[in-house]
Amino acid sequence: MTAHRVVITGMGVTAANALSTGALARALEERRSGIRETAAFGTEGRARTAGEVDLPGPPLDAEDRVSRLALHAAEQALQDSGLAPGGRWSEDTGVMIGTSRGPALSLERFMRSGDAEARRKLFAEVPFSSIARNIATRFGLGGVLSTVTMACVSSSLAIGRAVDEIRRGRASLMVAGGADALTQLSFSGFSVLRAMTPTVCRPFDHRRNGMVLGEGAGILVLEALEHARQRGAKIHAELCGWGTAGDAHHPTSPHPEGRGLQQAMASALAQSGLTTEEIDFVNLHGTGTPANDPAECHALRQVFGARTASLPVNSLKPYFGHTLGASGALELIGSLLGMERDFIPPTLHCEELDAKCDVDVVRGEGRKRHIDVLMSTKSAFGGANVALIARRLPEAGREGR
C-alpha cells in the first residue's frame, strides 16, 4: 500500500504575543515577547513572569480556558484552510489534540465549589477529552476523535499520530495540535521543582537558570496531498517525517546525552528519506533550564556530525513562554511562518553562549535565510522526545485557492 503524502493547509495560533498567525509572524520579526509580570498565582515563589494570553470576549462558564485557547486557534486554522463551514468534508474529518494539564482550571474550580449545579456544569469540562470534543462539536467534525497527553511533547505526538491517520488512508483531513492553559497546578509544580527562572528565559546562554511558563494553542489542518490539490488548497508545507523515542532515564531530567532525542531525530530523518545535509534549520525545545539545553545540543551533534557547525538552531520559548503540551504545535507553526518569510527568528536573551551549547544558535537580529526543510524537536518529562520534519512543496509552492 502506498502511503499518502501529508500537507499543512491551515494554521492557527493563540499565544501571549499574538492571537493570529499574521500577528505571530510580525512579533517574531520584531523580536517582540509576550512575557510579562503576573500576579495570577501569587509571587511568593521565585518566578514572577508568565506568558498570559489576553483572550478576546468575556469568560464563558461553558468551556474551560484551555478549550477556549484551542477553539480560537482551530477557527483560524479552518478559515486559513479555505474549507467552507458545514461542508461534506467535515463528516469524516478527525481531531487529534495534545495537552499536558488539560482542563485543570475546571478541576480546581470543581474541587473548591460547594454549589451542586456549578459542579455539575464543571464536570463536563473536567475530562482531558473535553478539548478535542469541544473542537469537534463546534465545527461539526465527525471523524477520528482523540486526545494525546504526554507532557511537553503532547501536541507534537498528536500531529505525528494525525499524520499517520492520513498516511494510512484512514482520513483525508485531520485537525491536529495542542493547547494548555496557565494553572495553579503547573505554576506551583514547576516552582517546587525550581525549574522556573526569577529573571528571564535565556536558552543556551551560560547564565540560564530556568524557564518561563506560558499558555496557548497551535492548531493545524492536515490533509492528504492529492485531496488538497483536488480542491485547489493553499499548501503551507509538507510534513514528510516524524519520529519519537524515550530516554528510559529519569522522571524529570533528560538523558544527559539526549539519547531518546537522537533516536527521535534519526527516525524522522529515515521516514522523510532526507539526509542531514538537506535539513536547513532546527527549532529546538530550548527551555533555558540547566539540564535540557546541553542534552539537546549533544544529541544534535551526534545526529548531524560535522553539519552541526553550519546548522542554524533556535528556541522560541522566550517569545511566549513554555506552553507545555501546546509547545510542539505552536513552535512548529512559528518556524513555518519564518520559513514562508525566509527568516529564522532569533533566540531572545541568548547573549553569552554556553560552551556546552556550542552550536549555531541564531541570536541578535535573527537571520535572513531561505529554508526548504526544517526540523522541530520537543522533549518532555518522562523522557519522551519527538522530532517533526516539514518542507516546502516546490511542485505546489504557494498555490492559490
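The largest pocket has a volume of about 440 Å³, where a pocket is an open set of points on a 1 Å grid over the protein atoms alone, with protein on both sides within 12 Å along at least five of seven lines, and a volume is the space filled by probe spheres set on the points. The model is predicted, so local features need pLDDT of at least 70 and side-chain atom pairs count only at pLDDT 80 or more, while totals for chains, interfaces and linings use all residues. Residues are numbered from 1 along each chain as its sequence is written, and side-chain values use heavy atoms, with hydrogens and water left out.

The lining of this pocket comprises 26 residues, and Thr252, Pro254, Thr289, Asn292 and Phe381 are the ones nearest its centre; lining residues have an atom within 4 Å of a point.

Turning to strand 14, residues 373-379, a strand here being a DSSP run (E, at least two residues) numbered from the N terminus, one finds that seven of its seven residues are buried, that is, under 20% relative accessible area with a 1.4 Å probe, protein chains only. In a regular strand the side chains alternate between the two faces of the sheet. Val373, Met375, Thr377 and Ser379 are buried on one side, and Leu374, Ser376 and Lys378 are buried on the other.

Strand 14 runs parallel to strand 9 (residues 281-283), to which three bridges join it, and Leu374 is the bridge partner of Phe281; two strands pair if DSSP finds at least two bridges between them. With strand 15 (residues 384-391) the pairing is antiparallel, over seven bridges, and there Ser376 has Leu388 as its bridge partner. Strands 14 and 15 form a hairpin with four residues between them, and Gly382 in the turn has a positive phi of about 90 degrees.

Key:
Buried < 20%, exposed > 50% of the residue type's maximum accessible area, 1.4 Å probe, protein only. 1 Å grid on protein atoms, 1.4 Å probe; cavity = no way out; pocket = protein on both sides within 12 Å on 5 of 7 lines; lining within 4 Å.
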